[in-house]
Amino acid sequence: MTYTYLEAPIGPLLIAGDESAVRRIFFAKRGKAAKPEAGWTESVRGPTGAAARQLREYFAGRRIDFDFPLALEGTVFQRAVWEQLREIPYAETISYGELARRVRNPKAARAVGSANGANLLPIVIPCHRVIAGDGTLGGFGGGLAVKQALLDLEQRVRSI
């Protein structure tokens with residue numbers, strides 16, 4: 001696998017993939033960038049480089065969707081949830097219950113929450129756009145402050 005770092009307003013991101021697709025995006029933990037696994041090679045070429053460029057544009061407010069190749073690694077249910085996440089329009093949110101309805105399993109709000117938590121490609125597969133039914137943020141792998149920052153960014157860009 002190859003990797004690159006991106007200094008983002010929400011903290012450093014580690015982007016990892018191979019010659020065909022991006023496979024993982026890691027948030028910082030306690031302000032420190034995630035570390036690459038043994039044997040990974042740093043590179044800004046190929047899909048990881050494209051992801052870094054497009055994410056930089058996203059944070060600058062110049063991009064609302066992504067078109068670099070992704071490798072979705074998960075169960076059939078998780079992949080169905082992630083595909084529905086990609087359908088949530090920029091700067092909009094839906095509830096976990098609504099997401100469960102969209103995957104045709106209306107009683108599976110907790111299961112879609114678990115699938116959100118298993119998303120290896122946050123931001124690009126916008127799990128941050130899913131909130132609790134009462135309007136609160138719910139959980140997020142990058143932390144609630146990061147989730148709020150991403151939602152605020154999208155609201156600011158949309159209002160321009």
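Which helix is Gln54 found in? I looked it up: Gln54 sits in helix α1, residues 46-59. Helices here are DSSP runs of H or I with at least four residues, strands are runs of E with at least two, and both are numbered from the N terminus.

**Ground rules.** I am working on a predicted model, where local features need pLDDT of at least 70, side-chain atom pairs count only at pLDDT 80 or more, and totals for chains, interfaces and linings use all residues. Residues are numbered from 1 along each chain as its sequence is written, and side-chain values use heavy atoms, with hydrogens and water left out.

**Gln54.** I checked its accessibility next. Gln54 counts as buried because its relative accessibility is 8%. The cut-offs are under 20% relative accessible area for buried, over 50% for exposed, and partly exposed in between, with a 1.4 Å probe and protein chains only. I then listed contacts (heavy atoms within 4.5 Å). Setting aside neighbours within four places in sequence, Gln54 touches Arg63, Asp65, Phe66, Asp67 and Phe68.

**Arg63.** I followed this contact of Gln54. The side chain of Arg63 forms a salt bridge with that of Glu57, at 2.8 Å from N to O. A salt bridge here is a side-chain nitrogen of Lys or Arg within 4 Å of a carboxyl oxygen of Asp or Glu. Arg63 is buried, as its relative accessibility is 17%. Glu57 is partly exposed at 24%.

**Other salt bridges.** I found seven in the structure. Glu98 pairs with Arg101 at 3.2 Å, N to O. Glu98 also pairs with Arg102, at 2.9 Å. Why are Glu98 and Arg101 separated by about one helical turn? They are three residues apart in helix α3, residues 96-102, so about one turn separates them. Arg102 and Glu98 are four residues apart in helix α3, again about one turn. I noted the accessibilities too: Glu98 is partly exposed at 25%, Arg101 partly exposed at 46%, and Arg102 partly exposed at 30%. I also logged a salt-bridge network that links Asp18, Arg23, Arg24 and Glu73.

**Largest pocket.** I read off a volume of about 340 Å³. Its lining has 20 residues, and Gly117, Asn119, Phe140, Gly141 and Gly142 are the closest to the centre. Strand β3 (22-26) and helix α4 (109-117) are the elements that give two or more residues to this lining. A pocket is found on a 1 Å grid over the protein atoms alone, as an open set of points where a 1.4 Å probe fits, with protein on both sides within 12 Å along at least five of seven lines; lining residues have an atom within 4 Å of a point. Points are joined across faces, edges and corners, and the volume is the space filled by probe spheres set on them. By class, I have 10 nonpolar, seven polar and three charged residues. Nonpolar means Ala, Val, Leu, Ile, Met, Phe, Trp, Tyr, Cys or Pro; charged means Asp, Glu, Lys or Arg; the others, Gly among them, are polar.

**Second largest pocket.** This one has about 200 Å³. Its lining includes Asp65, Phe66 and Ile123. I recorded nine nonpolar, no polar and three charged residues there.

**Positive phi.** Ile123 is not a glycine, yet its phi is positive, near 75°. Ile123 lies in the loop between α4 and β6 (130-131) and is buried at 1%. Ala91, also not a glycine, has a positive phi of about 70°. Ala91 lies in the loop between α2 (76-85) and β5 (94-95) and is buried at 5%.
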